[in-house]
Amino acid sequence: MTAQRQQPGSYRLGDLDVNRLGYGAMQLVGPHVFGPPKNKQQAISVLKETVELGINHLDTSDFYGPHITNQLIREALHPYRDDLVITTKVGARRGADASWIPAMSPAELETAVHDNLRNLSLDVLDVVNLRLMFDMAGPVEGDIEDAMTAMAELQHKGLIRHLGLSNATVQQVAQARNIAHIVCVQNQYNLAHRGDGALIDALARDGIAYVPFFPLGGFSPLQSAALSDVAGRLGVMPMQVALAWLLQRSPNILLIPGTSSVEHLRENTKAANLVLDEAELTVLNDIAPEQRL
Ligand SMILES: NC(=O)c1ccc[n+]([C@@H]2O[C@H](COP(=O)([O-])OP(=O)(O)OC[C@H]3O[C@@H](n4cnc5c(N)ncnc54)[C@H](OP(=O)(O)O)[C@@H]3O)[C@@H](O)[C@H]2O)c1
């Protein structure tokens, strides 16, 4: 049995209220998140549709494209609605061959913040995640004191409203919180990839948002017989079930599913109305082991 939920509600990022179902803009540009979109008008339409659907939390970075995703956001949505919160990230730059290059020195972080401000046409960035690049593929330990201190200084200069962390270990989150106030953590997490269970619960207790990237599996979209079975029984799409499961996993989870399609965007937004019952959750929880304390 499923019930209809009015809205999955909102959550606070510092002093900013965002709806829990947002949008991630990374898929709008070319292959390998590099170069212009195949169809620019389609990318603009997706962005315009986000605000039409009531989405008020966009995730981006100036290293998507590079620069192009932010320029598309500006072209589609500037001047921005008062309630729109744009979260961006710094910590990497792109090589001419589309490679991802760590750029976590204080000077590189400052340049990246100014790139974001310019390309988004903003005076202050709402939320900036320090994207840790010790290993592109996943969180690994490494000292973040210099980088996080530089981020705190950029915040004190008035260029950033709120800070977050991405691709971070539990220890790095703790280290960052000793240096500055953190409002969100953005790591990989979805139905099939659940290493951050304990971190999510700990952040929830402290009122810090957890924003899973690759909520639908990213470049390898989620595929699971159990997921398809649940979706089939409910008469909805598997991706909607995957998003509804995340919304029910913890109240501090904010969603930023990515898509380059208006149709998928509308479909994903409807996940906000889907409530999974205990039996459905049990089937879905069994897809992958969760690491909890
Ligand atoms: N901090 C980080 O290191 C990091 C890393 C990666 C991503 N991110 C952020 O997280 C956001 C989300 O991640 P993501 O976009 O890479 O992955 P995702 O949301 O897990 O999945 C996106 C993929 O799913 C497909 N898709 C979306 N909706 C669908 C639907 N209803 N039915 C079928 N397929 C659907 C998309 O294809 P279509 O375009 O065809 O819909 C795309 O291939 C990004 O946009 C980015 O803002 C952050």
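Me: In what sense do strand β5 and strand β6 pair, and over how many bridges?
Reply: The model is a predicted one. In it, β5 covers residues 57–59 and β6 covers residues 85–90. H57 has V85 as its bridge partner in β6, and L58 has I86. The two strands pair in the parallel sense, over 3 bridges.

Me: Which strands are at the edges of the open sheet?
Reply: The sheet has 7 strands in the order β4-β5-β6-β9-β10-β11-β12, with parallel pairing. An edge strand pairs on one side only, which is the case for residues 23–24 and residues 209–210. These edge strands are β4 and β12.

Me: Which residues form the covered face of strand β2?
Reply: Strand β2 spans residues 10–13 and has one covered and one uncovered face. S10 and R12 belong to the uncovered face. The covered face is formed by Y11 and L13.

Me: Which residue in the turn between β2 and β3 has a positive phi?
Reply: β2 and strand β3 (residues 16–19) run antiparallel and are joined by 4 bridges. In one of these pairings, L13 has L16 as its bridge partner. The strands form a hairpin with 2 residues between them, and the turn residue with a phi of about 60° is G14.

Me: Where on helix α3 do its buried residues lie, and within what arc?
Reply: The buried residues of α3 are L109, A112, V113, N116, N119 and L120. In an α-helix there are 3.6 residues a turn, so residues three or four places apart point the same way. Viewed down the axis of α3, the buried residues therefore line one face of the helix, within an arc of 140°.

Me: What covers the buried residues of α3?
Reply: The cover includes both helices and strands. Among the helices are α2 (68–77) and α4 (145–156). The strands included are β6, β9 (125–131) and β10 (160–166).

Me: What distance does α3 reach from its first C-alpha to its last?
Reply: Helix α3 runs over residues 106–120 and has 15 residues. At 1.5 Å a residue, the expected value is 21 Å. The distance in the model is close to that expectation, at 21 Å.

Me: Which residue just after α3 takes a positive phi?
Reply: The position in question comes just after the helix. Its phi is about 60°. The residue is S121.

Me: Is H32 buried or exposed?
Reply: H32 lies in the loop between β4 and α1 (40–52), and has a positive phi of about 60° although it is not a glycine. H32 has 12 C-beta neighbours inside 10 Å, so it counts as exposed.

Me: Is V33 buried or exposed?
Reply: V33 is placed in the loop between β4 and α1, and has a positive phi of about 55° although it is not a glycine. A residue is buried if 20 or more other C-beta atoms lie within 10 Å of its own. V33 has 20 C-beta neighbours inside 10 Å, so it counts as buried.

Me: Which residue does a cis peptide bond join to G65?
Reply: The bond has an omega of about -10°.

Me: What is the omega of the peptide bond from H78 to P79?
Reply: P79 is in the loop between α2 and β6. The bond from H78 to P79 is cis. Its omega is near 0°.

Me: Which residues around the ligand come nearest?
Reply: The shell has 11 nonpolar, 13 polar and 4 charged residues. Helix α9 (residues 262–269) contributes the largest share, 3 residues. Of the 28 residues around the ligand, those that come nearest are G24, M26, L216, G258 and T259.

Key: Residues are numbered from 1 along each chain as its sequence is written. This is a predicted model: local features need pLDDT of at least 70, side-chain atom pairs count only at pLDDT 80 or more; totals for chains, interfaces and linings use all residues. A residue is near a molecule or strand if its C-beta atom, placed from the backbone, lies within 6 Å of it. Ala, Val, Leu, Ile, Met, Phe, Trp, Tyr, Cys and Pro count as nonpolar, Asp, Glu, Lys and Arg as charged, and the others, Gly among them, as polar. Two strands pair if DSSP finds at least two bridges between them. The expected span of a helix is 1.5 Å times one less than its number of residues. The arc is that of the directions from the helix axis to the C-beta atoms. Two residues are in contact if their C-beta atoms, placed from the backbone, lie within 7 Å.
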